[in-house]
Amino acid sequence: RAPSSFAAHAGAMDELERDALLILIACGGRVLPRRELLEACGSAAAALDAGPTRWRASGWTPLQIERALRPDAAALARSRAWLDRPDRTLLGWHDADYPALLARAPHPPLALFVAGDPMHLWQPILAVVGSRNATPAGRTNAAQFSRALVTSGLGVGSGLAAGIDTAAHEAALEAGGLTVAVLGTGPDIAYPASNRSLHARIAEHGALVSEHAPGTGPHKTHFPSRNRILAGLSLGTLVVEAAERSGALITARLAAEAGREVFAVPGSIHNPLARGCHRLIRDGAALVESEPEIRGALAALMGELGSCLRSRLAASIVAADTTQAPAVTGERAVDTEQERLWQALGHDPIGMDALVQRTGLTPADLSAMLLHMELDGRIASQHGHYYRNR
């Protein structure tokens, strides 16, 4: 569920704007010229209305211009059909709900297709990545870290690949926490096919994210591009197990370039899948053995995310029509849950496990509520434990 103070999101995009953004996405090619034009014009519809002369001056290629003038009707229909459900969203670069951390990362995508709650992309997430051909010990480590992370209130992001990614996603879901999968395919395609059930569970309980339109199959060039989105959405990246040539190392490099933290789990010198982690550690990544080491290192970035969230909440409150009955009903439910959480807190620090037991709320819900209360100055936190601000 989304942070409760958000009033609305991009699901309210009208059909004209949605179709214009879908055409801009389908133009393909370099993202920057389209993103800059979208930002300059203020809307996708205005960017399309600007016409070929403006497009050419903005750096569009002849192929991009051709695709904008003659869009693929079948592809547009497929995307419209996929978006025609309340749990699916298209977030454009110009949208107020475009994830703040991703917007600040290098090379952010023009738009995101999201299955599940798009506000989950504003939650504090750690990317957990590693080898597709993981060892049993590697999968166990990924699962243990993921359970500990979501229990402490963080979300787990990964790429839905086999091996470490799968272990991380499954452990987060089993612990009742938030997990976000960034895909190298369209949002409707589970890859590998063996993860079809996991794909559906993440859409229901977390969020699936892709820059590719529905119907886009796997292609080897998509996965390094996918990694930049995962790194940009996350506060940091934890590499659990990786060979010296590994996509996980690409994610780690992209995370470092985005100014995010990089962590690595050490392994046996005899394990080829530990060599990538050891190389990261030699290059400056933090060697970690437990979740508290990670959370402590993320404090500064969590503060930055909190500032972004505070600004978004303020804008949402101004824009919200509080006279609508559904909004009032939602606010009452939120007030009840916040009061339950407040009663569960005391003046002595309490961990997430105990708060889950006392309130009956999930770690993902609690994480959002605790972040809001901490920003309001009502509570304080210390090493993953929370207490009423004295």
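Reader: Which residues have the most contacts inside the largest nonpolar core?

Author: This is a predicted model. Its largest nonpolar core has 64 residues, and those with the most contacts inside it are L24, I25, W60, L90, L112, L121 and V239.

Reader: Which helix gives the largest share of this core?

Author: Helix α1, residues 15–26, with six residues.

Reader: And W60, what is it in contact with, leaving aside its neighbours within four places in sequence?

Author: W60 is in contact with L24, C27, P33, R34, L37, W55, I65 and A68.

Reader: Which residues are in the second core?

Author: The second core is separate and has 25 residues, including L126, L154, L235 and L238. In soluble globular proteins, nonpolar side chains tend to be buried together.

Reader: You mentioned C27. Is C27 buried or exposed?

Author: C27 has a relative accessible area of 0%, so it is buried.

Reader: What about C41?

Author: C41 counts as partly exposed, because its relative accessibility is 23% and the buried class stops under 20%.

Reader: How many disulfides are there in the whole structure?

Author: Zero, according to a search of the whole structure.

Reader: New topic. At what angle do α8 and α9 pack?

Author: About 35 degrees, with the axes 8 Å apart. Helix α8 covers residues 136–151 and helix α9 covers residues 164–174. Their crossing is right-handed.

Reader: Which residues make the contact?

Author: From α8, the contact uses G138, R139, A142, A143, S146, R147 and V150. From α9, it uses I164, A167, A168, A171, A172 and E174.

Reader: How many of those are nonpolar, polar or charged?

Author: Eight residues of the contact of α8 with α9 are nonpolar, two are polar and three are charged.

Reader: Now H199. Where does it lie, and is it buried or exposed?

Author: H199 lies in helix α10, residues 196–205. It has a relative accessible area of 10%, so it is buried.

Reader: What is H199 in contact with?

Author: Leaving aside neighbours within four places in sequence, H199 is in contact with L160, L183, P187, D188, I189, A190 and L208. H199 and A115 are 84 residues apart in sequence, and their C-alpha atoms are 9.9 Å apart in space.

Reader: Last one, N227. Which helix is it found in, and why does it count as buried?

Author: N227 is in helix α11, residues 222–233. It counts as buried because its relative accessible area is 6%, and buried means under 20%. With neighbours within four places in sequence left aside, N227 is in contact with G247, I250, T251 and L254.

How values were computed: Residues numbered from 1 in each chain as written. Predicted model: local features only at pLDDT ≥ 70, side-chain atom pairs only at ≥ 80, totals over all residues. Heavy atoms only, no water. Axes fitted to C-alpha atoms, helices over the stretch in contact; angles between N-to-C directions. Helix = DSSP H or I, 4+ residues; strand = E, 2+ residues; numbered from the N terminus. Left-handed = near helix turned anticlockwise from the far one by under 90°. Contact = heavy atoms within 4.5 Å. Nonpolar A, V, L, I, M, F, W, Y, C, P; charged D, E, K, R; others polar. Core = buried A, V, L, I, M, F, W, Y, C linked by side-chain atoms within 4.5 Å. Buried < 20%, exposed > 50% of the residue type's maximum accessible area, 1.4 Å probe, protein only. Disulfide = S-S within 2.5 Å.
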